[in-house]
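Trainee: I would like to learn how to read this structure. Please take me through its features one at a time.

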Amino acid sequence: MPLATPDKPWLFRTYAGHSTAEASNRLYRTNLAKGQTGLSVAFDLPTQTGYDPDHALSRGEVGKVGVPVSHLGDMRALFDGIPLEKMNTSMTINATAPWLLALYVAAADEQGANRKALQGTTQNDLIKEYLSRGTYVFAPTPSMRLTTDVIAWTYTEMPKWNPMNVCSYHLQEAGATPVQELA
C-alpha cells in the first residue's frame, strides 16, 4: 500500500509524549488539527521498563522524556477524542509492547473500532533492547516468545498493524559492526 495517493496524504507523525496522558493528548490533538496525519507515541522510561509510576525506581523519571502509561485509564486519556480506527499510531515501545498494545486495543474496542482496521506499529524489538539499551524486562528466550506472540496475534486480529520495527541504530551505538547490525 503506498504511503500517499491523490486522495490520501503522506503519513506525518511526530514522536511525542510528555508529563501526563492528558497533556500528551492535548499535544496530539493540536498536532492533528495542524495537519499531522498520524501519531508516534513516546513513552517514559518507567513505562518502557514495566515499572509503575509510584515504584521507587521510577522516582524522577515519570513523564520526564515520554508519557507514562500504566493502566487502561491512562491509555483512554492518551487517546481521548482521537478515533483510533482512523489513526495510524506508532508506539516506540519494546519490552512492554505486548501489554501496551493490549491497552491500545482495549481503548480502541471501547471506542467501537474494528480491530482489523487498526493501523500502526509497535517497535517490539527485544533483541536490540537486551543487547544495547538495557531496557528489557525478561531474558532473551521469554522476550522472543512475547515478540513472536505479538506478531502471531496481530497477523490474524490486526492485519494492518506492523507488529515489529527493527531498530538497529542502538546496536551500532553499542559497538556493533555494520555487518553485525545488519544481521
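Mentor: First, the ground rules. This is a predicted model, in which local features need pLDDT of at least 70, side-chain atom pairs count only at pLDDT 80 or more, and totals for chains, interfaces and linings use all residues. Residues are numbered from 1 along each chain as its sequence is written, and side-chain values use heavy atoms, with hydrogens and water left out.

Trainee: In what order do the five strands form the sheet?

Mentor: Strands of a sheet pair through backbone hydrogen bonds, either parallel or antiparallel. Two strands count as paired if DSSP finds at least two bridges between them. Strands (E, at least two residues) and helices (H or I, at least four residues) are DSSP runs, numbered from the N terminus. Here the order is β1-β2-β3-β4-β5, in an open sheet with parallel pairing. The edge strands, β1 (15-16) and β5 (161-162), each pair on one side only.

Trainee: How many bridges join β3 to β4?

Mentor: Four bridges join β3 (residues 88-92) to β4 (residues 119-122), and the two strands run parallel. Asn88 stands opposite Gln119 in β4, Thr89 stands opposite Gly120, and Ser90 has Thr121 as its bridge partner. Strand β2 (residues 39-42) also pairs with β3 in the parallel sense, over four bridges. There, Leu39 has Thr89 as its bridge partner.

Trainee: Which way do the residues of β4 point?

Mentor: In a regular strand the side chains alternate between the two faces of the sheet. In β4, Gln119 and Thr121 point one way, Gly120 and Thr122 point the other way, and all are buried. Buried means under 20% relative accessible area, exposed means over 50%, and partly exposed lies in between (1.4 Å probe, protein chains only).

Trainee: Why is β3 described as largely enclosed by the rest of the structure?

Mentor: The description applies because four of the five residues of β3 are buried.

Trainee: Is Ser24 buried or exposed?

Mentor: Ser24, in helix α1 (residues 21-33), is buried, with a relative accessible area of 0%. Contact means heavy atoms within 4.5 Å. Leaving aside neighbours within four places in sequence, Ser24 is in contact with Gly17, His18, Val67 and Leu78.

Trainee: How many salt bridges are there?

Mentor: A salt bridge is a side-chain nitrogen of Lys or Arg within 4 Å of a carboxyl oxygen of Asp or Glu. By this rule the count is three. In one of them, the side chains of Glu110 and Arg76 meet at 2.6 Å, N to O. That pair links distant parts of the chain: Glu110 is in helix α4 (residues 97-110) and Arg76 in helix α3 (residues 72-78), 34 residues apart. Glu110 is partly exposed at 46%, and Arg76 is partly exposed at 41%.

Trainee: Which residue forms a salt bridge with Asp109?

Mentor: Arg115 does, with the closest N and O atoms 2.6 Å apart. Asp109 is partly exposed, at 33% relative accessibility, and Arg115 is partly exposed at 28%.

Trainee: Where do Arg145 and Asp149 lie?

Mentor: Both lie in helix α6, four residues apart, about one turn of the helix. Arg145 counts as exposed at 55% relative accessibility, whereas Asp149 counts as partly exposed at 35%.

Trainee: Which residues make the nonpolar surface patch?

Mentor: Patches are made of residues with over 30% relative accessible area and no salt bridge; like charges are joined within 9 Å, and nonpolar side chains (Val, Leu, Ile, Met, Phe, Trp, Tyr) within 5 Å. Accessible areas come from the Shrake-Rupley method with a 1.4 Å probe, and for residues only the protein chains shown count as cover. In this model, Ile127, Tyr130, Leu131, Tyr136 and Met144 make a nonpolar patch of about 450 Å². Helix α5 (residues 126-133) supplies the largest share, three residues. Met144 is in helix α6 (residues 140-157) and is partly exposed, with a relative accessible area of 35%.
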